[in-house]
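Try each task before you read its solution.

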Amino acid sequence: MIKNRKISWLELFYDLIFAVVFSRLTESLLEHQTLTGFINAILTFFWLIWG
């Protein structure tokens, strides 16, 4: 653990963006419960993680 480390606004912003994208992916997957929708959600999620 790092002492006296503060979280920057940029880190909080990226966390917020990640949460919004993950929420939209799961919402889209629930609306389109097909193999194509599942593959699209998985590929988009891995693209987000990789990027």
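This is a predicted model: local features need pLDDT of at least 70, side-chain atom pairs count only at pLDDT 80 or more; totals for chains, interfaces and linings use all residues.

**Exercise 1: The end of a helix**

E31 is exposed, since its relative accessibility is 56% and the cut-off for exposed is over 50%.

Task: Find which helix holds E31, and how far its C-alpha atom is from that of W47.

Solution: Start with the helix: E31 belongs to α1, which covers residues 9-31. Next, take the C-alpha atoms of E31 and W47: they are 21 Å apart, for a separation of 16 residues along the chain. Now try E27, which also lies in helix α1. E27 has a relative accessible area of 46%, so it is partly exposed. From E27 to N40 the C-alpha distance is 13 Å, and these two are 13 residues apart in sequence.

**Exercise 2: The overall form**

Solution: The spans of the C-alpha trace along its principal axes are about 50 × 20 × 15 Å. Finally, the accessible surface is about 5,100 Å², and carbon and sulfur atoms account for 69% of that.

**Exercise 3: Aromatic pairs**

Task: Count the aromatic pairs and classify each one by its geometry.

Solution: A pair of rings is described by the distance of the centres and the angle of the planes. The count is two aromatic pairs. One is F13 with Y14, whose centres are 6.2 Å apart with 45° between the planes, making the pair tilted. F13 is partly exposed because its relative accessibility is 45%, while Y14, with a relative accessible area of 51%, is exposed. The other pair is F18 with F22: the centres are 6.2 Å apart and the planes at 15°, so this pair is stacked. The cut-off used here is that planes under 30 degrees apart count as stacked. Now place F18 and F22 in the fold: both lie in helix α1, four residues apart, which is about one turn of the helix. F18 is partly exposed at 36% relative accessible area, and F22 is partly exposed at 38%.

**Exercise 4: A salt bridge**

Task: How many salt bridges are there, and which residues take part?

Solution: The count is one salt bridge. It joins E11 and R5, with 3.1 Å between the closest N and O atoms; the cut-off is within 4 Å. E11 is partly exposed, with 30% relative accessible area. R5 is partly exposed too, with 47% relative accessibility.

**Exercise 5: A nonpolar patch**

Task: Which residues form the nonpolar patch on the surface, and what is their accessible area together?

Solution: The patch is made of L35, F38, I39, I42, L43 and F46, and together they have about 610 Å² of accessible area. Take F38 as an example: this residue lies in helix α2, which covers residues 35-50. F38 has 43% relative accessibility, so it counts as partly exposed. That value also passes the patch cut-off of over 30% relative accessible area.

Notes. Residues are numbered from 1 along each chain as its sequence is written. Side-chain values use heavy atoms; hydrogens and water are left out. Patches are made of residues with over 30% relative accessible area and no salt bridge: like charges are joined within 9 Å, nonpolar side chains (Val, Leu, Ile, Met, Phe, Trp, Tyr) within 5 Å. Accessible areas come from the Shrake-Rupley method with a 1.4 Å probe; for residues, only the protein chains shown count as cover. A salt bridge is a side-chain nitrogen of Lys or Arg within 4 Å of a carboxyl oxygen of Asp or Glu. Helices (H or I, at least four residues) and strands (E, at least two) are DSSP runs, numbered from the N terminus. Buried means under 20% relative accessible area, exposed over 50%, partly exposed in between (1.4 Å probe, protein chains only). Rings of Phe, Tyr and Trp (its six-membered ring) pair if their centres lie within 6.5 Å; planes under 30 degrees apart count as stacked, over 60 as edge-to-face and the rest as tilted.
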